[in-house]
Amino acid sequence: MNTHVFIVNGQTFKYHLEYMFAGTGASEKKSPFLNNPTIQYNATAERNLMGMIADISRIQIGDNIIFYLQATNGNQGQFFGIFRAKSRAFFDENDTDNYLKIKLGKGLSYRILIEASDYGVYPIGITEHEYLDSLEGKNYPYELCWSLIYRKLKGNRGCTMITDFEFNDLLSKLQNKSKCLTVSDNYTYDFSSNKISEYNNVAIYGGRQNSLSIKERLLYKANRQNAFETHLQAFILQNLRSLNLLEFPEKDFWVGNEVSCGVGMQRIDILTMQESNNNIHFKIIELKDEQPTANIVDYQLNWYIKWLFDYIIPNYDRKAVEITPCIVAAKTNDMGLIKYIAEKKFNNPYSYASIHKTEYYAFNISKDDIDFEKIV
């Protein structure tokens with residue numbers, strides 16, 4: 001199960017709770033390419049929006065949803081929850097009919113519906129300092145919530161995933177602050193008390209829930225030989241289980257996109273984790289909208305594997321670890337490169353971990369479809 005953190009502010013938070021939804025988007029930007037895949041649109045703006053679409057597309061029904069309320073009324077920024085995703089992501093164009101836009105003070109085009117989680121909804125939040133800065137109960141740097149620390153350092157990501165051990169730390173801190181509320185269909189936020197409370201006036205979400213599928217836009221961009229790497233990421237996240245990229249397609253999975261692995265700009269395009277009683281499997285997926293190069297295995301995948309060993313894997317030290325590096329890119333006929341990818345060996349200093357051979361999936365794009373072929 002994944003956990004996702006949505007950033008909200010003093011104006012939007014109460015409406016998210018009263019109408020039980022979460023969302024992300026650019027305040028003034030529209031996304032006409034979702035309704036008309038052949039429309040002309042500014043490439044830079046589209047890449048930014050596509051990143052938001054990819055973020056919310058990774059959410060599965062049943063995933064945990066946390067709200068981060070930005071500092072307001074003299075209070076520190078705080079984390080509130082816990083809610084659960086009730087729907088997959090949908091689209092409500094940022095126009096005059098954008099649902100609740102006036103109340104929110106912004107258009108949030110990409111949304112999900114939420115409900116109370118099995119963990120319960122806790123009325124009192126935990127501060128940014130308590131969750132991100134405090135070393136209480138921690139012995140090593142890798143035990144900190146790096147997913148959100150990196151986000152804060154970069155000042156971006158309106159919808160950020162956190163790992164399961166980061167979620168467990170947050171859960172325990174929420175439980176130590178207060179008892180959970182009675183399960184309800186609606187909640188609200190009381191700014192005077194700085195608490196979540198039950199909402200007596202039932203509010204039913206009534207906005208548009210249009211498809212967020214990015215496939216047609218991806219095909220249009222690819223067939224025009226435009227850059228489409230961010231579109232490819234969003235498409236894979238929208239269809240991950242059916243594309244057979246998971247190591248165990250039938251099992252539950254954790255997935256992250258644009259996973260920061262350093263205070264610089266290094267980011268894993270897609271990272272998956274699948275866990276059983278005795279082992280845990282990581283798949284590191286590097287995406288390219290062109291043919292692969294040796295640099296992917298020599299530098300990028302090598303860096304990502306080392307970061308996993310330093311910051312993620314120590315939290316699973318009681319389990320056998322398997323890592324599969326993976327490249328998804330256009331097809332190459334360079335047999336020497338394919339051989340080099342297949343035979344690349346990565347440094348592995350740990351006896352409890354094994355690193356599999358690098359997989360290479362080539363995508364094939366026609367006018368009407370995209371499919372994936374496993375090369376090695």
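Strand β1 (residues 3-8) and strand β8 (residues 159-162) pair in the antiparallel sense over four bridges, where pairing requires that DSSP find at least two bridges between the strands. Strands here are DSSP runs of E with at least two residues, helices are runs of H or I with at least four residues, and both are numbered from the N terminus. This is a predicted model, in which local features need pLDDT of at least 70 and side-chain atom pairs count only at pLDDT 80 or more, whereas totals for chains, interfaces and linings use all residues. Residues are numbered from 1 along each chain as its sequence is written, and side-chain values use heavy atoms, with hydrogens and water left out.

Five of the six residues of β1 are buried, that is, under 20% relative accessible area with a 1.4 Å probe, protein chains only.

Turning to the helices, α7 (residues 215-223) packs against α8 (residues 229-238) at an angle of about 150°, with the axes 9 Å apart. The axes are lines fitted to C-alpha atoms over the stretch in contact, and angles run from 0 to 180 degrees between N-to-C directions. α7 is therefore roughly antiparallel to α8, a term for angles over 145 degrees. Lys215, Arg217, Leu218 and Lys221 of α7 meet His231, Leu232 and Phe235 of α8, contact meaning heavy atoms within 4.5 Å. The residues of this contact comprise three nonpolar, one polar and three charged.

How values were computed. Parallel < 35°, antiparallel > 145°, perpendicular 65-115°, else oblique. Nonpolar A, V, L, I, M, F, W, Y, C, P; charged D, E, K, R; others polar. Buried < 20%, exposed > 50% of the residue type's maximum accessible area, 1.4 Å probe, protein only.
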